[in-house]
Amino acid sequence: MLQQIKTTTNFIQQSVNFEPEVGIILGSGLGNLAGEIEVVKTVSYSDIPNFPVSTVKGHKGQLVFGYLGGKKVVAMQGRFHFYEGYTMQQVTFPVRVLNALGIKLLIVSNAAGGMNPTFKVGDVMVITDHINHFGTNPLIGPNDDELGPRFPEMSEAYDRRYIKMAFDIAEENNIHLQKGVYIGVTGPTFETPAEYKFFHVIGADAVGMSTVPEVIVARHGGLPVFAVSVITDLGGGTVIEKPTHEEVLQAAASAEPRMTLIIKKMIERATF
C-alpha cells in the first residue's frame with residue numbers, strides 16, 4: 001500500500017503544482033461546495049493511478065484543487081463506499097493520498113438518516129463521535145509504521161477545537177446546528193424501523209454508509225478531523241418514512257448553503 005500511495009501522490013504532484021493545506025470529502029448531494037472553490041485544476045479519478053471510481057449518483061468523481069477561505073484546498077467531489085464492493089483499504093486510500101499531499105486538516109461531509117427526535121430533515125449535524133458498525137475496520141491487516149501506529153487511540157476522533165469553531169460561526173450567522181453521534185453501517189439498504197430504534201438506543205443520533213472508515217484512517221495518520229452530516233431523512237419515530245436516494249439528494253442540496261458557509265469560514269479561521 002505504501003508504494004501505491006507514493007505512486008499516486010507523485011502522479012498528482014506532477015499533474016498539479018499545488019500543495020493543499022485542507023482536504024475536503026464531499027458526500028451525497030454535497031458536491032456543489034466545490035463551486036465555491038477558486039479552482040486551479042481538476043483531476044478525474046479515472047486518470048489517477050490506483051484510485052477507485054465513484055459509481056453513485058450525486059458523486060462527480062474528481063479532485064478539485066484551488067483556494068477556499070484564503071487557503072489551499074483539495075476537495076474530493078465524490079467518495080467511495082464499502083457497499084460499492086470496494087475493500088476498506090480502497091475506500092480509504094484517497095485519505096492516505098490526501099495526507100501524503102500534505103494536508104493539515106480533513107473536513108468530511110455526508111448525508112445521514114436522523115434518529116434523534118429533535119432533528120428535522122435539512123438539519124446540519126456536527127459529528128462529535130462515531131460508532132463503527134461496519135463489522136470491519138480499515139486498519140485490519142499488517143500495520144506499516146510509516147502510515148501510523150498499530151493501535152491508534154480514538155478518544156478525540158473529531159477535533160474539539162473545530163467543533164467549537166463551527167458552533168461559534170453558526171451563532172454569528174444565525175444558523176441552527178445540531179450535534180451528535182454518527183453510526184456507520186455498510187448499506188446499501190436504508191434502515192428498517194427496528195434498526196433505527198436500535199441505533200438510537202445504543203447512542204447514535206444519525207446513521208450513514210460512509211465517513212467512519214475515512215475518519216479512522218485519517219486519525220491513524222495523525223490528521224485532525226471535522227465532520228458534518230446533513231439530515232436527509234428521519235427514522236425510528238412514530239412516523240415510518242420510506243426514503244429514496246432522490247429525496248436524500250434533494251434534502252442535502254437544501255442544506256448545502258448553510259454547510260458551505262460554515263466550512264468556508266472555518267477554513268478562513270483555521271491555523272496550522
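## What you are looking at

This is a predicted model, so local features need pLDDT of at least 70, side-chain atom pairs count only at pLDDT 80 or more, and totals for chains, interfaces and linings use all residues. Residues are numbered from 1 along each chain as its sequence is written, and side-chain values use heavy atoms, with hydrogens and water left out.

## A helix on the inside

Let's go back to α5, which covers residues 212–220. Helices here are DSSP runs of H or I with at least four residues, strands are runs of E with at least two, and both are numbered from the N terminus. Eight of the nine residues of α5 are buried, so this helix is largely enclosed by the rest of the structure. "Buried" means under 20% relative accessible area, "exposed" means over 50%, and "partly exposed" is in between (1.4 Å probe, protein chains only).

The buried residues include Val212, Pro213, Glu214 and His220. What do the buried residues of α5 pack against? Their partners are β1 (22–26), α2 (88–101), β5, β6, β7 (177–184) and β9 (225–234).

## The nonpolar cores

A nonpolar core is a set of buried Ala, Val, Leu, Ile, Met, Phe, Trp, Tyr and Cys residues joined through side-chain atoms within 4.5 Å. The largest one here has 79 residues, and Ile24, Leu63, Phe65, Leu106 and Ile107 touch the most other members. Take Ile107: not counting residues up to four places away in sequence, it touches Val22, Gly23, Ile24, Ile25, Phe226, Ile263, Met266 and Ile267.

## Asn116 in its loop

Asn116 sits in the loop between β5 (105–114) and β6 (124–132). Is Asn116 buried or exposed? Asn116 is buried, with a relative accessible area of 16%.

Its side chain makes a polar contact of 2.7 Å with the side chain of Thr118, and another of 2.9 Å with the side chain of Asp205. A polar contact is a pair of N or O atoms within 3.5 Å; within protein, one must be able to donate a hydrogen and the other to accept it, and residues adjacent in sequence count only if both atoms are side-chain atoms. If you leave aside neighbours within four places in sequence, Asn116 is in contact (heavy atoms within 4.5 Å) with His200 and Asp205.

## Salt bridges

Side chains of opposite charge can pair when their charged atoms come close. A salt bridge here is a side-chain nitrogen of Lys or Arg within 4 Å of a carboxyl oxygen of Asp or Glu, and by this rule the count comes to six. One of them joins Arg161 and Asp159, with the closest N and O atoms 2.9 Å apart. Arg161 is exposed at 53% relative accessibility, whereas Asp159 is buried at 9%.

Asp168 and Lys164 form another, at 3.0 Å between the closest N and O atoms. Both lie in helix α3 (residues 160–172), four residues apart, about one turn of the helix. Arg269 and Glu172 also meet in a salt bridge (2.4 Å, N to O). This pair links distant parts of the chain, with Arg269 in helix α6 (residues 245–269) and Glu172 in helix α3, 97 residues apart.
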